[in-house]
Structures are given as structure tokens and as C-alpha cells.
Amino acid sequence: MKITGYRVEQYLMRLDRAIADCNLASGVDLLPGSILFLETDENITGIALGAGAGLDGLFKFIEGADPREVVGLWCRMNDSLHKIGNRGITSFGLSAFDMALWDLKAKIEDAPLWRTLGAREGRVKAYASGLDYCLTDEELFAFYRRMAELGIDSGKLKVGLDLNADMRRLGIMREALSVASRSPALMIDSNEYWSPKQAVRWIRRMEEKFDLIWVEEPARRWDYHGLRQVSRQVKAAVATGENLHSVADVYPLIANRAVDVLNVWTGHSGVTGCLQVARLAQAFDLPVSMMNAQANYMAQVAAAIPNHWMMEVVDPGREHCLKFDNRIEDGFIVLGESPGWGVEVDEKKLKELQAHPPTGRGQFPFPRREGAGRYIVPPAKGEVPW
Ligand SMILES: [Mg+2]
């Protein structure tokens, strides 16, 4: 089998509800989507959700190759970026080809990706994550209660601009999750808004009332001194990693004991890069946590990571032209037996979306908010509904 070509389809999707963190507290409900189709001479097509950039430059390193050689092809593409660096949007291009190659490899084996990657079972513990800064208190409760009714006993709240509101909303999340567990696991995420010292002050106040299991991105992604400072001065574990691109970015954090839980995903240079990062963490006996993905399809990879803890479930309604073979049951994402990612693209619906793009609010990705790392800019009047 040989790789013969590729195409990218782009579209816009309107979510069922807005999502937000403290950097853009008012939130967005319109997201860009893209799908990479990687074609072969045997009529099997691999797909990747999210296409990145620099694809033409990378394609020449895989054109004509056998997709089963995916790890070797990943090395060849990665080596080609030696001078400019495997980072930014180019890194997402490498990631997209790698993801589509893994889809092909699994489809050639007629197996779901979790089996191709060597998982013992297609089952991954879930935690709920509302990306909820723009939700009213009632909506916040409803989201976490709906998740708890699926058996999910852990939740992560967006925080950062108003300590009193953060504390109140932590209580609402805990109450909503209490039907799944008498002591639900609570997490917060401040998305790099705070300086390390601000983080320590706010988290310590929260810890007077709540038992937090992790605090996410309490300092900047590369600041291993700051992250380690937070980790040593609060009880909760420090989680970070979602904005890093490769094992090279993650290495200084792990080597300097600046991270307790590593957030992983295919933004770490595809499936191949994500597994490298997870293995590095495993060597240091650190757990990893898979980032959220459309209909949680990245559980395919999480299932094959021995040190995986639990995966982020957001569920904002992003599946307009896609079908996924998985479900949530008793707090776990349960994967089916469909080959590859278990993702089917409805090309008719995709064409409809392209012909009639939805309108909505906001701009994605979120920028960094004014004052970040220096002073707090509380939500303006009307910026958040609470
Ligand atoms: Mg996060």
C-alpha cells in the first residue's frame, strides 16, 4: 500500500453552548473545524481531525510510503523540521499526518486504534470539564449534574478573576457531582492567567475549604521554576502541558520536577509524539491526562497509555458532520470495535456546513487576557452572566 495524496476540508461549527476560560470570559460558541483525508492506492483513507499548516512541505516526506511505517515516517517528518523547529502551527501539520497514518495502520489491520496501539481494553476513566467561565450558576450545576448522572465523579472548574465567585462555583460543582461520589475529585484551571505568587495565594484560600486534586496551568507553560514553586507551596498537584508541542518542550518540566500531572494530546506531535511524552512521564512515575477532543475520540490513545489517569470530557456539541463509535458508561469512556479512530465523516453534512456556515459569537483560540501575570482584571459588567 502506498500513500498517494491528501485533501483538507475546512468548516465552521456552532456549539450547543458557549465555552470560556478566564482569558476570554464571555466565551465563544463558534469554532473552526478541519479534516485531513490521507489517500492511498488501495482505496483506504486515513483521517485526522484538525489539519494544521505546512502540509505541502511535510507531504513529500511521506508520499509513496507504506502507511504501516508510521513511526519511521514520523521521524522523517520531524527531522525535516530540524532547522525551523517542530513548533506552532507547523507542529499541528506534522500531528495531522501522523494521526491520519495511525488511522490507516489500524484500518489496514481492521482494528480500532486502541487495539493497534496495544491497549488491553477500550475503556478510559473520564472527568467533566465545563470550560464553564461563561455559564450561569444554574447552567454550571446542570452541566456537572448531567455528567454525574453518567457516573463521572470528578470535575474541573475554570477560575481566575474573582476569588469569591470561584469559591461559590467550586461549591456548586461539588454539589452537582455529589450524586456520583460522596467526595468528588475537584480540579481548577486558571489557563496561565496568574503569576506563581498569585496562584499560591488564591489556591491556598481555596484549599481552606476544598480538597483540590490538581490545579492546571497555575503559571506559564515554560516556567518550570514558577510551576515548581506552586507545586511546593500548595497541597494540590500541578497539571500542565496542553500548550507544549513535543517531548523537547516537556523534558525541562519533568526533569525539574515542575509538573505532577501532565496534560497530553496529539498537539504533542501526533499520536507518536503523544506516546513519547506519556512514556517520559511514566519513567518518572507521573500520571498523564488526555485533553478533551470531539466526542472524546482521543480515548483511543489514552486507553493505550499505562500511566493515564482520566480524560477531559467537555461535551459542548461539536459533532455536526461526524459519527463516533464510543459512549460514556459508569464514568468511563467505552470505545467500540470500529476500525481506526472510530470516526465516520458524513460528507453530505460537511458540504452543507461549508455551503451554509453558521454564525456565532467569539473568536477562537482564546487570547491572553489583559493584566495576566501582573494584576487581576475582574469581569466587566455583562461579561459573565454571574
Ligand atoms: Mg486546561
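Is Asp189 buried or exposed? Asp189 is buried, with a relative accessible area of 0%. This is a predicted model.

**The magnesium site**

Three protein residues donate to the magnesium ion: Asp189 (OD), Glu216 (OE) and Glu242 (OE). Asp189 sits in strand β6 (residues 185-189), while Glu242 sits in the loop between β8 (237-240) and α9 (247-255), so the pair ties together parts 53 residues apart in sequence. Glu242 is buried too, at 14% relative accessible area.

**Ser34**

Ser34 belongs to strand β2 (residues 28-40). A polar atom of the Ser34 side chain lies 2.9 Å from the backbone nitrogen of Ala51. Beyond its neighbours within four places in sequence, Ser34 is in contact with residues including Val8, Glu9, Tyr11, Ala48 and Ala51. Ser34 is buried as well.

| Residue | Relative accessible area |
|---|---|
| Asp189 | 0% |
| Glu242 | 14% |
| Ser34 | 16% |

**Helix α5**

Helix α5 covers residues 137-149. Its 13 residues, at 1.5 Å a residue, should span 18 Å. The end C-alpha atoms are 18 Å apart, which agrees. The buried residues of α5 are Asp137, Leu140, Phe143, Tyr144, Arg145, Met147 and Ala148. Elements covering these buried residues include β1 (3-19), β4 (123-129), β5 (154-158), α6 (163-177) and β11 (311-313). Just after α5, Gly151 takes a positive phi of about 90°.

Note on methods:
Residues are numbered from 1 along each chain as its sequence is written. This is a predicted model: local features need pLDDT of at least 70, side-chain atom pairs count only at pLDDT 80 or more; totals for chains, interfaces and linings use all residues. Side-chain values use heavy atoms; hydrogens and water are left out. Donors are N, O and S atoms within 2.8 Å of the metal (3.2 Å for Na, K and Ca); water is not among the atoms, so sites may look incomplete. Helices (H or I, at least four residues) and strands (E, at least two) are DSSP runs, numbered from the N terminus. Buried means under 20% relative accessible area, exposed over 50%, partly exposed in between (1.4 Å probe, protein chains only). The expected span of a helix is 1.5 Å times one less than its number of residues. Contact means heavy atoms within 4.5 Å. A polar contact is a pair of N or O atoms within 3.5 Å; within protein, one must be able to donate a hydrogen and the other to accept it, and residues adjacent in sequence count only if both atoms are side-chain atoms.
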